[in-house]
Amino acid sequence: MARIRKGATVPAPQFLEDDPSTGYLPGRRWPVIRYGLVTLLASAILVFAIEWIVRGDFFGTVDFFLQPFKPGWTTIIVFALVLMGLDAVLGRSHQSLMIVAPLTLALAFVGHQKSHYLGDPLYPTDFLYSRQIMALMPLLVRERPWTALAMAVGIVAGLSLLIYGWRLWRRKVPILSRKGRLARLTLAVPLLAFFVSIMDYATFSWTRDRLQIIPIMWDQKENYASNGFALAFALNVPMAHVSAPAGYSDKAIDAIDRPAVAASVPDEKPDIIVVMSESFWDPTKLPGVTITPDPIPNVRALRSGYMFSPEFGGMTANIEFEALTGFSNAFLPAGSIPYQQYVRTPTPSLATFLKSEGYRARAIHPGTNWFWNRGAVYADFGFNDFRSEETLPPLEKRGPLASDASMTDEIIAEADASERPVFFFAVSLQNHGPYEPYRYYNPTHKVAAPISTWARESLLSYAEGSADADRGLERLIEWAKKRDRPTVIAFFGDHLPPLGPVYVETGYLKDNVAPRKEPTPAAALEHHQTPLVIWSNRTGPAQDMGAVSPAFLPYHILTTAGITHPYYTGFLGALRERYRVVDRNLLLTPSGEATPDWARQKDVDPAINDYRLLQYDMMFGKRKAAPDFFPETINGGTPHTSVPGLYPTLRRQDAVRSMRYPCLPAKLLYRRPQSAGPCWGLNGGPEVLPKTFV
């Protein structure tokens, strides 16, 4: 072996000689470090630009990055790994920027525009409606021709510049060696795969928690503000697409048995009042706990059965979705929230049907109308109006939130004032968690339990709220007993309360929350059922219903009211004879026979398959089943608040406007009025319309 002459330059490692694009040049050191630093810097600039575009606020963007270990810094590292991996695939250093930068900046711009005009951030599901966006383009071009022309010129110029830069880069920058490409892939791919694995917000991740990536799926605006555009968008990706069930076709829909049931209502139409009570449950079920007096005596006396919640401790919107539509979350991606991802167009519901029969369909919730996207969703469900914190008069509070008693007052007052029959869907707020100790200064109950003082006082706060909800039901029942008009009242809790440590200290659960997949059907029932009351002032409470999925509530409510419908009492009625619980992880027959993990089995009951096909057809498909199962949604049925086929991407916003300002002329929903005048609004008095609605 030849000796190296003293003072001679040490030859560079072979992998650097073969890979000059790493930054190696004779006399220069640390090429790998230089490449990494340049990639990180490019990633940081790109992420900052994305957030700046989306937020439209430079200083707000700076604040997003000021604190260490915030999602912004995690996003920079993730982008750097993506750039590094794409460099390996493309074979040139930093060429990945020519793909990643234009794509992400364009998404950021679209997201900013959507947020500005429609009030919602950009979701992956929005790309499912590209056809509607394209249908809107001619209108936008006619309205702003010069803007459209400038954008077209800008797009063409940008693409031309990108193509020129791409070709120049391919000629001037050396090809990466195989070893250099392999090194990049070895670093980037495992780390990106690990990052993807921790982004399922439906399961707890210690790493994600340490990185302060907190999925705020119930409030997507805050989700995007807190986690940043890229991470929030990624959190929504799993719900972006719902694949058609195997065998879905026009022929398969035609093959579903048509129920021999027509839509009909009694000559004397009953008022229907549905109260979904926030986190209502029987706290005396906790082991070793004694609460005096009984916090829920009225519900206990009138109980018709139990509502089997598909959720635990939260995700109220998913229970609402089932209870109002008769559809099931079991057929949607795990962890999805239909209110946020899928309800984008008029969707059949109890409100749609009852409104077509002459009812005034009304929703009421003392919270804000944007929470869970209720304002837009209720419009798509066909409600005539939605009274929320923004349109209700100031309600008396019990503790920090609007009281159940004040909400009950509103329901009674509006029902008594209506000459038309009413369908009310009310969602209470008072007993929303967390249940801080000493929430109420004047508790009327006592809790005895061998647990810590904090847990005992927290449980007392919850028990007080449950008692108030029970008294609210009692008041509704006593009021309805005195009415001449037939009245049906349904009352149930949406899910078990998020009591956290109380469950652990009492031994009810091993952890603060129940597992998504329970070890036994009995455990699933124990941790997911809440009391259910369905009562009529003509026939009293319904009896012996057992535990039922919220999707079957329309069947039981309409049956009690003496109303029939092809889907809600026909199809669901036939399915109810076979199953009373249809959950993602459990099928339960009326006799109590359970089929866990049914969705993973090769052979699925044809009745369940028909259920899945119908739901997909009406939510995502061609709606071929509508004439036979949802006749109120076709020509001659209830018109939606927007004109079918006209300005489809503005439909949700227009619907919310028409609910807020019911006297607004239809022609003003689709253009900017020159002036605004007084309007008799939902508050029962004159309101002034805003000068613009965009």
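Helices here are DSSP runs of at least four residues, numbered from the N terminus; with that in mind, the tour can start at a helix of this predicted model.

Select residues 71–90, which make up helix 4, and check its length: its 20 residues reach 28 Å from the first C-alpha to the last, close to the 28 Å expected at 1.5 Å a residue.

Next, show the surface and colour Phe109, Val110, Met151, Ile155 and Leu159, which together make a nonpolar patch of about 470 Å². Helix 5, residues 97–118, and helix 7, residues 145–172, each supply at least two residues of this patch. Which helix gives the largest share of the nonpolar patch? The largest share comes from helix 7, with three residues, and Ile155 is found in that helix.

**Into the cores**

Now hide the surface and select Ile272, Tyr339, Tyr378, Phe383, Phe423 and Tyr567, the residues with the most contacts inside the largest nonpolar core, which has 75 residues. Helix 24, residues 606–619, provides the largest share of this core, namely eight residues. Apart from it lies another core, of 27 residues, including Ile273, Phe424, Leu473 and Ala480.

Return to Tyr339 and display its contacts, leaving aside neighbours within four places in sequence: among them are Phe321, Leu324, Trp372, Val377, Tyr378 and Phe381. The contacts of Tyr339 also include Glu320, Asn373 and Arg374.

**Two cis peptide bonds**

As background for the next stops, most residues other than glycine have a negative phi, and most peptide bonds are trans. Select Thr292 and Pro293, where the peptide bond joining them is cis, with omega near -10°; Pro293 sits in the loop between strand 2 (290–292) and helix 13 (297–302). Then move to Gly433 and Pro434, whose peptide bond is also cis, with omega near 0°, Pro434 being placed in the loop between strand 8 (422–427) and strand 9 (446–448).

**Positive phi in two loops**

Stay in the loop between strand 8 and strand 9 and select Tyr438, which has a positive phi of about 60° although it is not a glycine. Is Tyr438 buried or exposed? Tyr438 is exposed, with a relative accessible area of 59%.

Go on to Asp544, in the loop between strand 12 (540–541) and strand 13 (546–548). Asp544 is not a glycine either, yet has a positive phi of about 50°, and with a relative accessible area of 74% Asp544 is exposed.

**Charged pairs**

Side chains of opposite charge can pair when their charged atoms come close. Counting a side-chain nitrogen of Lys or Arg within 4 Å of a carboxyl oxygen of Asp or Glu as a salt bridge, the total comes to 23 salt bridges, and three of them are visited here.

Select Arg362 and Asp385, whose closest N and O atoms are 3.1 Å apart in a salt bridge. This pair links distant parts of the chain, 23 residues apart, with Arg362 in strand 4 (residues 360–364) and Asp385 in strand 5 (residues 385–387). Arg362 is buried, with a relative accessible area of 14%, and Asp385 also counts as buried, at 0% relative accessibility. Widening the selection to Arg360, Arg387, Glu410 and Glu414 brings in the other members of a salt-bridge network to which Arg362 and Asp385 belong.

For the second pair, select Glu436 and Arg439, whose side chains meet in a salt bridge at 3.2 Å, N to O. Here Glu436 is partly exposed, with a relative accessible area of 32%, whereas Arg439 counts as buried at 9% relative accessibility.

The last stop is Arg578 with Asp605, a salt bridge in which the closest N and O atoms are 2.7 Å apart. Arg578 lies in the loop between helix 23 (566–576) and strand 14 (581–583), and Asp605 in the loop between strand 16 (594–596) and helix 24, so that the pair links distant parts of the chain, 27 residues apart. Arg578 counts as partly exposed at 42% relative accessibility, and Asp605 as buried at 15%.

Key. Residues numbered from 1 in each chain as written. Predicted model: local features only at pLDDT ≥ 70, side-chain atom pairs only at ≥ 80, totals over all residues. Heavy atoms only, no water. Patch = residues over 30% accessible without salt bridge, like charges linked within 9 Å, V, L, I, M, F, W, Y side chains within 5 Å. Areas by Shrake-Rupley, 256 points an atom, 1.4 Å probe, with all protein chains shown as cover. Core = buried A, V, L, I, M, F, W, Y, C linked by side-chain atoms within 4.5 Å. Buried < 20%, exposed > 50% of the residue type's maximum accessible area, 1.4 Å probe, protein only. Contact = heavy atoms within 4.5 Å. Expected span 1.5 Å × (residues − 1).
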